Amino acid sequence: MNTQQDGAATTPAIGGTRALGVNLSDRPVLLHYWQLLNRYKWLMAAIVAASVALALVATLLMRPQYTATSRIEISRQAANVTNVEGLESTEAGIDLEFYQTQYALLRARSLAERVARELRLTNSESFFEAHGRPFEGPNGDAPTEVQQGQGELLLERQRDAVDILLEHIAIAPIRGSSLVDISYTSASPQLSERIANSWSRQFIRASMDRRFASTTEAREFLNERLTELRARLEDSERNLVTYAANKNIVRLNPAESSDSGSGSGRTLLAQDLESLNASLAEAQAARIGAQSRLQSLQTSAGQQSLNNQTILDLRSRLAERRAEYSQLLAQFEPEYPRALALAEQIKSLESAINAEEGRVRSTIESSFREASQREAALRAQLEERKGDLQVEERDRIQYNIFSREVDTNRQLYENLLQRFKEIGVAGIAANNIAIVDLATLPVEPSSPRLLINLLLAVMVGAFAAGGVLLVLDQLDEGIRDPQSVEDRLGIPLLGTIGEVGDENEFELIQDRKSELSEAYFTVHTNLAFASPNGVPKIFMLTSTREKEGKTTSSISLATILARSSGSTVLVDADMRSPSIAEAFGLDNEFGVSNILSGSEEVGRAVQETGLPNLSCVGTGPVPPSAAELLSGDRMGEFLRQLATRFDHVVIDAPPLLGLADAPLIARHAEGVVFVVEFDRIPVRGARSAIERLQAANAPIYGAILTKYDAKSEGYGYGYGYGYGYGKQDG
């Protein structure tokens, strides 16, 4: 039995889905909302009708309003007769910010205050009445304390007048142009005309006032800044000269350096360093030449280089005397007088040559020493000047800071002085705002508009109805779509059974051509894929609550099995609410409760139903505690005995909610078929029931959706797997 249960637990979802032949998780969204709309269509229609009725009543009660419109032109640039740049950049008007600024100024509170003052709207009773506001005039004969209170009232009324103007004015820029429409709406056409025209005039005047005010303020500001910059420039120049004198910084060509900045140009110390560096290079070259001549004395070539003209003459004479001496020795002895004289001459010449060579060598060495000493002296002097230059360079950092400050202050002063000269004539430019059309007296009211209000009411009602529809959809937890069973419950759908109204479901199930019979035959077909051996031999049907169609589904499946698959016995295990025996017109005196209580008369419990191959077992007497009877192993033994006598055993188990009977029975069955009623059981309750079965390790083959109303979901007749579910309780 455990092996069968394990196998059945792994195959139902796959088998059930394949039997249906559709993707249960792929549900059209538009179809879902069409079903919602069809379900709540009268509520939606009532919401839209209520919105239209409210709009109609409100429109009829509204006071007619009149709108007057004037048109002005705001140019990007004003005509500049002076050819002098104004305070704002000439390119600033090209940007979008220019027009956005102008539109904001047209809605400014200060402009509304100018209009209120011009038209004296604060003391105009007709103005407040035209906008449905109460008017309380001051009493000039009242006591002083009362007049003070009325003064506060007057100030408050001024604020109210400005607020009213801002609420009823409309600024509408014309797209793609520099034109702007100024519209005012009130209950008085004359008042609307006056305010619209006054708004245009006051905007032009306010713009001119701002221009002249900004020019005056700019001149005053520039004058103050010029005075400050002049003093700052003098201080910075004084600091620069003082610092240069203290640090002995002497700049060459100061006139030329001032063109590129006060801190630029060469200094006297830098020029001295360049001269020393050039002299050092010459001394180094001379020392290298003398050193080269001195080193060449060590070679034979160097010795030959010592032979100047005098040495050459002496060596020539020495060669002649040595030749004569050699000839005499060939004939005479060395003591020969002539030979002795020649020998003395040879020694004398050799001494003269050596003395001359020593003199030349001494001259070269003296030149090398002098060159080396001069190079060392220049190098020491250069190093000393380099140290002075480094000190000067460090001092020039602060000197350059003073120089840049002088240059900056001078440039700012010159630019500001030039701007001060130009600003005096920049304010006489022509105004860039002109009135194109004055407002005319409106002859027809601009609002209310009945047709537009009704159309808006229909739209608002439709949106409200849609919102209500979405809320109802979120609050609805019932199973309304067969395709959502697997997604929401996690088990496959075995079949959908429709509602049949007042027809007899038992007569329909006996009619093989009826849609109810076809629907349950589809469930039977899908159930055959739930296990490797076809339809399970022992399985039970249960539901979340009572009256979901569990009993009728049990009878129908047992009838289909008896008709197509062999002998079948239907066991009524709902001992708290017996119904199977009564449905077949049989007595319920002996049944499941007797067997579980210890009776061995299994054959007595089985009764013939009158249908071919179909038997049933009633509950028997209602026991005091059904759960205690089911907690033992008697139920399993009883079902195994029935399985030896019948091809299939179908168990009608009690509902799961609040009872422990169904999980106890599920231990002895190969699997469970879960019955769910259409649009009644919350998904949370159904999931809780399924979790209880899973906790009992009961394989669940799938679900049967009962009492399905296809027409309410917009599918019409014949949707799903059949039509024709009856009213049998269970």
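1. Start with strands β7 (residues 568-572) and β10 (residues 648-652). They run parallel and are joined by 5 bridges. Two strands count as paired if DSSP finds at least two bridges between them. V571 has I651 as its bridge partner in β10. Strands here are DSSP runs of E with at least two residues; helices are runs of H or I with at least four residues; both are numbered from the N terminus.

2. A note on the source. This is a predicted model: local features need pLDDT of at least 70, side-chain atom pairs count only at pLDDT 80 or more, and totals for chains, interfaces and linings use all residues. Residues are numbered from 1 along each chain as its sequence is written, and side-chain values use heavy atoms, with hydrogens and water left out.

3. Axes are lines fitted to C-alpha atoms, for helices over the stretch in contact, and angles run from 0 to 180 degrees between N-to-C directions.

4. Contact means heavy atoms within 4.5 Å.

5. I651 is also worth a look for its contacts. Not counting residues up to four places away in sequence, I651 touches I538, F539, M540, L541, S554, V571, A573, L639, I665 and A669. The largest nonpolar core has 52 residues, and I651 is among those with the most contacts inside it, along with L489, M540, L642, V649 and F674. Apart from it lies another core, of 34 residues, including A161, L165, I182 and I433. A nonpolar core is a set of buried Ala, Val, Leu, Ile, Met, Phe, Trp, Tyr and Cys residues joined through side-chain atoms within 4.5 Å. Buried means under 20% relative accessible area, exposed over 50%, and partly exposed in between (1.4 Å probe, protein chains only).

6. Helix α18 also meets helix α19 (residues 550-564). Their axes come within 9 Å and cross at roughly 75°. The two helices are therefore roughly perpendicular to each other, a label that covers 65 to 115 degrees. On the α18 side, the contact is made by S517, Y520, F521, V523 and H524. On the α19 side, the residues include T552, S556, L557, I560 and R563.

7. R512 lies in the loop between α17 (505-510) and α18. Is R512 buried or exposed? R512 is exposed, with a relative accessible area of 57%. Not counting residues up to four places away in sequence, R512 touches S517, E518 and R563.

8. A second open sheet has 4 strands in the order β2-β3-β1-β4, with antiparallel pairing. Its edge strands, β2 (169-173) and β4 (433-437), each pair on one side only. Neighbouring strands of this sheet are turned by 30° against each other on average, direction ignored. Strands β1 (residues 66-74) and β3 (residues 179-186) pair over 8 bridges. In β3, S186 is the bridge partner of Y66. Helix α5 (residues 96-106) lies across β1, β2, β3 and β4, at about 145° to β1.

9. T59 is found in helix α4 (residues 41-61). T59 is buried, with a relative accessible area of 8%. The side chain of T59 reaches the backbone oxygen of A55 at 2.7 Å. Leaving aside neighbours within four places in sequence, T59 is in contact with P448, L450 and N453.

10. For the overall picture, the protein has 26 helices and 12 strands. Of its 730 residues, 41% count as buried.

Definitions and conventions:
Polar contact = N/O pair within 3.5 Å; in protein donor to acceptor, adjacent residues only side chain to side chain. Parallel < 35°, antiparallel > 145°, perpendicular 65-115°, else oblique.
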